Amino acid sequence: MFRRKYGIRTFIAFTHDFIAIAVAWWLAFLFRFNFEIPAPSSQLLLGILPWTVLVQGSFFLWFGLYRGLWRYASLPDLKRIFVAVMSGTVTVLLILWPLGFLVNVPIAVILLAPLLLLLIMGGSRLTYRAWKERRLYGLESNEAKLVLILGAGSTAVSLVKDLARSRDWHVVGMLDDDPRKLGTRLQGIRVLGTINELPQWVQKLNVGHVIIAIPSVSRRIHRQALEMCSEIGVKAMTVPSYADLISGKTTVSQIREIELDDLLGRAPVVLDNDGLHGLLTGKVILVTGAGGSIGSELCRQLAAFEPNRIVFLELNEFALYSIQEEFLPRFPNMAMSFVIGDIKDHARMTQLFTQFRPSVVFHAAAYKHVPLMEQENACQALLNNVLGTYVLAQVAISFGVEEFVLISTDKAVNPVSVMGASKRLAEMVCQALQQTITKNAKFDQKNQSNQTCFVMVRFGNVLGSTGSVIPKFREQIAKGGPITITHPEMTRYFMSIPEAAQLVLQAGLMGGTKGGGEIFVLDMGDPVKIVDLANDLIHLSGLGEDDIRIVFSGLRPGEKLHEELLAASENTFPTPHQKLRIAQARQVDEQWLSELTAWLSKITVLSDQEVRDQLVKWVPEYITKETEH
């Protein structure tokens, strides 16, 4: 019965401790009488052993000494053994005293027995753990990969402890720039030298992998380590970020390859969580373009604020199916609706708003690929990005949506492409609608609480988004090259997809502080040369510039050499959030909007050139080859 309930390992462990109780008391008598126990004392020992074994064993079960495995015996286990042994000993003495057994038991035996029992039980467990770890994870394991750890702080120490239980890794040393740590041992692993000495230690110890265990490490250190590892032919890896570790999403032992996000070295976004809970919690939220890179990440971020429902609106069936497959098992308790629809379809949008009554709309749906929209598809870019925004915004206003957030782009600044000009035009549509709402509110004091607030958010490229250069470069590297880049001096602003989504949420919260219609500009940091990005990806793949060639193909139609976040005529003023500023863009009025929508409603098919000619009229800052000269 015992074996069925507790398992064979527990039965063996209990039997060991059962015997240890008897051995401890027997040794205590032996030590007290110099290994020659007199006959009366032997009879006394035999009389008290049944009591001690029965009582002590009961306390061991009561204190749960058999819920863990000896392989993972630790300080808390030893504390539990100590309390169980001492409690059991006191109870044994209280039982033996009235029975008359204690009269002839020497004091030395009473003191020695529990100490010997502690030594036998604790020592057995620690010895077994040491033997097991050496057998499974020590130097005897030929399968373990030798690894050096960069860093000797708390994260590195935790990593060493975790990897000690792994069959796959064997840590041979640590490197850290803190002179006070050089030569010391942490968890039995020696701090060998500084990070700059990485190449010599890799060669000396024949190491094949390096793990950067400093979550707050700068971009410079990541890049330096990556370049050194690439030169000497070893794999560079890292641990999760502090944000992921604190949130509990990951553990230190979940090491991963270095990503471009690490090399960007951008500080984590600090969100006004209390304010966002007020904006999002318990609300119905509609996200257009929910199957895209930004739209899907917005939905992931929104889920943390416990909305009443998220409505995923997407035109692409496969993208919607993919996001559904991700979200349903991941958030089983959250209400979600996955709907297909075209934002230009007024009837379909009206049906969705009637059914779901969203309070907040994040409008991420757009045609965004610059060269593709420049040739053969200019009219579709115009209709989708401008007319679609207008239709969606009009329906949102009619249903009293509280907040309408338009995802814009830095390509809307002094645009040279149809895509950029169409996104600037979408911004202007929202600005004009906000002006109309504000004007009407002056004459309708009763309905001011139901006004829609429009917010526009501009940012640059996001790493790894659909259609961006990163997936293209990875594919080219996988094929052995070459990597094609349009120009050696081309630069772009980059941020990670989660960072972009978080700042969109923050901008949505801050919208309306200036009366609505604000264009928020995200802090994109410094522009990154595309050539440097390509070289980073080559290094991340464990290759060098000699392995993968870079070829320059020339600028494509509609492409800029350098992107801008502000036009020459625009200024910004700060917001309470250090990564968000508000652009003072050129304003348009209600009459302008009426003329634009009248023109858009008449469009059926326009040639690419006709679209460009018309965009010059509606977006004066739009620069084409014809207007450039």
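A: Let us start with E402, which is partly exposed, its relative accessibility being 36%. The terms are set by cut-offs: buried is under 20% relative accessible area, exposed is over 50%, and partly exposed lies in between (1.4 Å probe, protein chains only). The model is predicted, so local features need pLDDT of at least 70 and side-chain atom pairs count only at pLDDT 80 or more, whereas totals for chains, interfaces and linings use all residues. Residues are numbered from 1 along each chain as its sequence is written, and side-chain values use heavy atoms, with hydrogens and water left out.

Q: With which residue does E402 form a salt bridge?

A: Side chains of opposite charge can pair when their charged atoms come close. A salt bridge is a side-chain nitrogen of Lys or Arg within 4 Å of a carboxyl oxygen of Asp or Glu. Here the partner of E402 is K283, and the closest N and O atoms are 3.2 Å apart. K283 sits in the loop between α11 (273-280) and β8 (284-288), and E402 in the loop between α16 (378-398) and β12 (403-407), so the pair ties together parts that are 119 residues apart in sequence. K283 itself is buried, at 17% relative accessible area.

Q: How many salt bridges does the structure hold, and which residues are linked in a network of them?

A: There are 13 salt bridges, and the network links E297, R300, E326 and R330. R300 and E297 meet at 3.1 Å, N to O; they are three residues apart in helix α12 (residues 293-303), and so are separated by about one helical turn. E297 is buried at 11% relative accessible area, while R300 is partly exposed at 23%. E326 and R330 form a salt bridge at 3.0 Å, N to O, and are four residues apart in helix α13 (residues 317-330), again about one helical turn. Both are partly exposed, E326 at 24% and R330 at 47%.

Q: Which residues form the negative surface patch?

A: A patch is made of residues with over 30% relative accessible area and no salt bridge, like charges being joined within 9 Å. In this structure E227, E231, E545, D546 and D547 form a negative one. One of them, E231, lies in helix α8 (residues 219-232) and is exposed, with a relative accessible area of 68%.

Q: What is the phi of E306, and what is that of E376?

A: Most residues other than glycine have a negative phi. E306 has a positive phi, near 55°, and E376 has a positive phi of about 75°. E306 lies in the loop between α12 and β9 (309-314) and is exposed at 56% relative accessibility. E376 lies in the loop between α15 (370-374) and α16, and is exposed at 70%.

Q: How many helices and strands does the protein have, and what share of its residues is buried?

A: The protein has 23 helices and 22 strands, these being DSSP runs (helices H or I, at least four residues; strands E, at least two) numbered from the N terminus. Buried residues make up 51% of its 629 residues. Of the contacts (heavy atoms within 4.5 Å) between residues at least 6 apart in sequence, 76% join residues at least 24 apart.

Note on methods. Patch = residues over 30% accessible without salt bridge, like charges linked within 9 Å, V, L, I, M, F, W, Y side chains within 5 Å. Areas by Shrake-Rupley, 256 points an atom, 1.4 Å probe, with all protein chains shown as cover. Lys, Arg positive; Asp, Glu negative; His and termini not counted. Charge placed at Lys NZ, Arg CZ, Asp CG, Glu CD.
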